[in-house]
Every structure is written in structure tokens, then in C-alpha cells.
Amino acid sequence: MNKSDYIIRKETKNDYREVENLNREAFWNLSVPGCSEHYFVHVMRDHKDFIPELAHVLEIGGKIVGCVMYCKGLLKDEEGNEKTILTMGPLCVHPDHQRQGIGKALLEYTFALGRKMGYDTVINFGNPDNYVARGYKSCKKYNVCLEGDVFPAALLVKELTEGALDGRKWYYYQCDADAPCEDEEAVEKFDSQFPPKVKAWQPSQEEFYIHSHSAITW
Ligand SMILES: CC(C)(COP(=O)(O)OP(=O)(O)OC[C@H]1O[C@@H](n2cnc3c(N)ncnc32)[C@H](O)[C@@H]1OP(=O)(O)O)[C@@H](O)C(=O)NCCC(=O)NCCS
């Protein structure tokens, strides 16, 4: 994919519904039957930790085919020192355009912007296959864990500035922008505003279960 084939730009209010629908198309049946990511992006925009300057879309021929959003997250060391970092997600590309470098282009563009804004680290949960080529490493390599000293296999960390995490132990606190997605009725109600889609099982849901229930212990 050549740079002249697409435009990356900041999300505007006029894009909201198209971006929500794109998330629905990309995530439908991927992790669970149906999905809640379209509701997630809808509510995230009103969350105090949402970073609108980093919400970006990638357009081809006037149609949005990829998008990414970020929130502020928090790292705390054992002395209680805090560092505000970027939590990336959701990131998605329309199924007709996946594996053509669009996700890569969106991440690289917004990482550079995030770095300019003064952030030195980006963290997210995800399938490592999608992120290791972007320079993400296992949280264990950077000594970043959850409370209780858990190092989830799907917790992926990238330094935007080399050495930013300096080896000390960090506890990661994700922002709670996705909390409303636990309300299944609210998700269903929101989903009913979109064209009908069939919920079904697919193997990627088992892959998601494995990734999201695994931790690194050695
Ligand atoms: C995941 C997703 C955002 C990636 O975007 P994309 O445009 O399809 O991916 P890209 O073409 O930019 O490739 C990104 C990297 O993924 C990896 N990748 C590509 N195809 C792959 C495949 N078939 N299997 C495993 N890894 C693959 C490569 O490492 C690639 O990096 P490289 O080009 O430097 O080698 C997109 O596929 C998507 O929206 N999927 C559904 C929603 C989703 O899973 N979102 C992420 C939540 S964790």
C-alpha cells in the first residue's frame, strides 16, 4: 500500500457513526458471538481519559476503512511514582482491507504523534501476532504487571522512547472506559440501531479465550 493511496486524518464528529459501524464490522464474532466494540468507541469519546487528538481514521476514496483510538493509562512503580502512558484501542480495519498494511500505517502515524505529545510508552491487551512487528514486547520483558504481580500473556508494551521504562517494576492501571460494555442490555440496545447481523461462533473466539486467560509465569 502506497502512501498516496490513502489519507490518515483526525476523527471528526461527522465520522462517529461510520467509525462505530466499522468497529462493528471488524470485531463482529471475533472474540465472542457479536461484539461490543462499536458501543465501546461510542462511550469512550465521553470518558475523561479519552485522547481525541489521537483518534484517527484512514480513508481510501472517501471511505473510512481503518481507525484507532487511545486513552490515558497509568503506570505506578513500587515507590508510588506515577507515569501517564497511552492505552491503545480499539484498532480496526475493515475485513475487505485487512493485511494490506493499514493497521500498520495507522499505528505508526499515531505513535509518532503520541511521541510528539510527550508520551513515552503505549500499552494494550491484544493478540501478539498483530503487534510484535510494531515493536511491542511482552509485558514481562519490561517488568510491567497488574496488581497481584500477574503478567498477562496478552498484555503488550511498546516504548515510544527507548529506555522509558528503565527495568523497574511497574503496575499497570488501564482506564475504565470499557466498563459500560459490561451492561449487555445497553450494548444490545445500541446494536439495534445498526443493520441486523447474525451472532455466531467462530474459532477466533477460542483463540481469544486462550490469549485472555493466559499469564506468563517464568
Ligand atoms: C488487527 C488489525 C487491526 C491489523 O490491521 P491490518 O491492516 O489487517 O494489518 P497489517 O496489514 O497492517 O499488518 C500488521 C501486522 O500484522 C501481522 N500480520 C499480518 N498478517 C498476518 C497474519 N495472516 N497472521 C499473523 N500476523 C499477521 C504482521 O506482523 C504485520 O506487520 P508487518 O506488515 O510489519 O509484517 C486488523 O486485521 C483488524 O481490524 N482485525 C480485526 C479487529 C482486531 O483484531 N483488532 C485488534 C484487536 S487486538
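Predicted model: local features only at pLDDT ≥ 70, side-chain atom pairs only at ≥ 80, totals over all residues.

Entry 1, strands. I began with β1 (residues 7-10) and β2 (residues 56-60), which run antiparallel and are joined by four bridges. For my own reference, helices (H or I, at least four residues) and strands (E, at least two) are DSSP runs, numbered from the N terminus, and two strands pair if DSSP finds at least two bridges between them. I looked up Arg9 and found Val57 as its bridge partner in β2. Next I followed β2 to β3 (residues 63-77), an antiparallel pairing over five bridges. Ile60 has Lys63 of β3 as its bridge partner. Two residues sit between the strands of this hairpin, and Gly61 takes a positive phi near 55° there.

How many residues surround the ligand? I found 18, the closest being Gln98, Gly103, Lys104, Gly126 and Ala133; a residue is near if its C-beta atom, placed from the backbone, lies within 6 Å. At least two residues of this shell come from each of α1 (16-27), β4 (82-93) and α3 (102-116). I sorted the shell into eight nonpolar, seven polar and three charged residues (Ala, Val, Leu, Ile, Met, Phe, Trp, Tyr, Cys and Pro count as nonpolar, Asp, Glu, Lys and Arg as charged, and the others, Gly among them, as polar).

The axes of α1 and α2 (residues 37-44) come within 7 Å and cross at roughly 150°; axes are lines fitted to C-alpha atoms over the stretch in contact, with angles from 0 to 180 degrees between N-to-C directions. α1 and α2 are therefore roughly antiparallel, the term for angles over 145 degrees. The contact (C-beta atoms, placed from the backbone, within 7 Å) includes Val19 and Phe27 of α1 and Val41 of α2. I counted three nonpolar, four polar and three charged residues in it.

The peptide bond from Gly89 to Pro90 is cis, with omega near 0°, and Pro90 lies in β4. Asn29, in the loop between α1 and α2, has a positive phi of about 65° although it is not a glycine.

Methods: Residues numbered from 1 in each chain as written. Parallel < 35°, antiparallel > 145°, perpendicular 65-115°, else oblique. Contact = placed C-beta atoms within 7 Å.
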